[in-house]
Amino acid sequence: MVKPLLPGSTIGIVGGGQLGRMMAISAKEMGFKVGVLDPTNDCPAAQVADWHIESSYDDTFALEELARRTEVITYEFENVSVEALNAILPMSFIPQGTDLLAITQDRLLEKTFLETNNIVIAPYATIVSPTDIQDAIDGIGYPCVLKTTRGGYDGKGQYVLRSRADLALAMDLLREGTCVLEAWIPFEKELSILVAGNGQGQYTTFPVVENIHRNNILHETIAPANISADVIEEAERIARVIAEAVSLSGVLCVEMFLTKSGGLYVNELAPRPHNSGHYSIEACGMSQFDAHIRGVCGWPLEEKVSLLSDAVMVNVLGEKLLESYHVIEKKANWKFHFYGKKESKKGRKMGHITILTEDVEGTLKEIKETNIWD
């Protein structure tokens, strides 16, 4: 068994956004030093790290420097270059490896991986050319979703087809390369679950939560999701099957659709902490960022993370940032997190707010009554 990494060691984080920032805060609390590689000057993670290498994610020389200065390397998002990380594997320790990264960067690989592990997913077809679409639609039917195989997030790289009238507009996606056509799942709720592993056969799951999206961007997370015990048990089983299949180190998020009949369809995997897990900082016995750092450092994990309080998390996007400042003085029980990003843009995640509650419906109403998120 590999010995756990001890405090005083240095963790390298590839990516300097808000996830890297919150990873770094957890790592610092555990006594680690933190270095960040990111192309943006004064990025959110660099503001709390010990040092910052200002370079692109696929710069092999910069990654080699990161490897020389650290005992372990992790990443905060899945668009890191697999090839560049593979190039530094001989001289670095990357507990997450690159296989999971490669799987989650390509929707076709991800679907094949899930099918191989007997995980239920939506019916789909591979689309290489425009002539493939009609044949696939004949089998899948309307509505359906055309997605690029690589690079999509927050609704980017996908287009919903409701009738033949939508086909022409969807063609733009095919110019970006091979696509996937998925059946539309008529879901009752969108759910997600976090699972963490420490690379030594220990895994832990977080509560199953409900996610509410607006314009394909996460708006609110409700913890825990109001679902049956059977659905919770199945979500936890799916998460553990996936974690064990990849000998998981760190945190993985599994996003799912819940149908009216109680069926679960896995929609997407994220091989790192996730926006829907931010509530865990205040509401759980261990945050997702603590679990991630413990996982990549080989520290032990408890079997299941406890929920200390029900909670609602709401995202603060660029167009709502200034308005969210106005409620700071009015909401003593709201937990405000702002990421330190220099530029505020529409749709850009600038922060989040977590509210611990004994009345979820009342809290959702309280958020709505601010008239910020209307």
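Which residues are exposed on the other side of α6? I found Thr131, Asp135, Asp138 and Gly139 there. Exposed is over 50% relative accessible area, buried is under 20%, and partly exposed lies in between (1.4 Å probe, protein chains only).

Ground rules first. This is a predicted model, with local features needing pLDDT of at least 70, side-chain atom pairs counting only at pLDDT 80 or more, and totals for chains, interfaces and linings using all residues. Residues are numbered from 1 along each chain as its sequence is written, and side-chain values use heavy atoms, leaving out hydrogens and water. Helices (H or I, at least four residues) and strands (E, at least two) are DSSP runs, numbered from the N terminus.

Helix α6. I put it at residues 130-140, with Ile133, Ala136 and Ile137 buried. These three share one side of α6 because their arc around the axis is only 105°. The arc is taken from the directions from the helix axis to the C-beta atoms. I then looked up what the buried residues pack against: β5 (124-127), β6 (144-148), β7 (158-161), α7 (167-174) and β8 (179-183). Contact means heavy atoms within 4.5 Å. Just after α6, Gly141 has a positive phi of about 85°.

The sheet. I read an open sheet of 4 strands, parallel, in the order β3-β2-β1-β4. β3 (51-54) and β4 (72-75) are the edge strands, each pairing on one side only. Pairing requires at least two DSSP bridges between two strands. β1 (residues 10-14) and β4 have 4 bridges. Ile11 stands opposite Val72 in β4.
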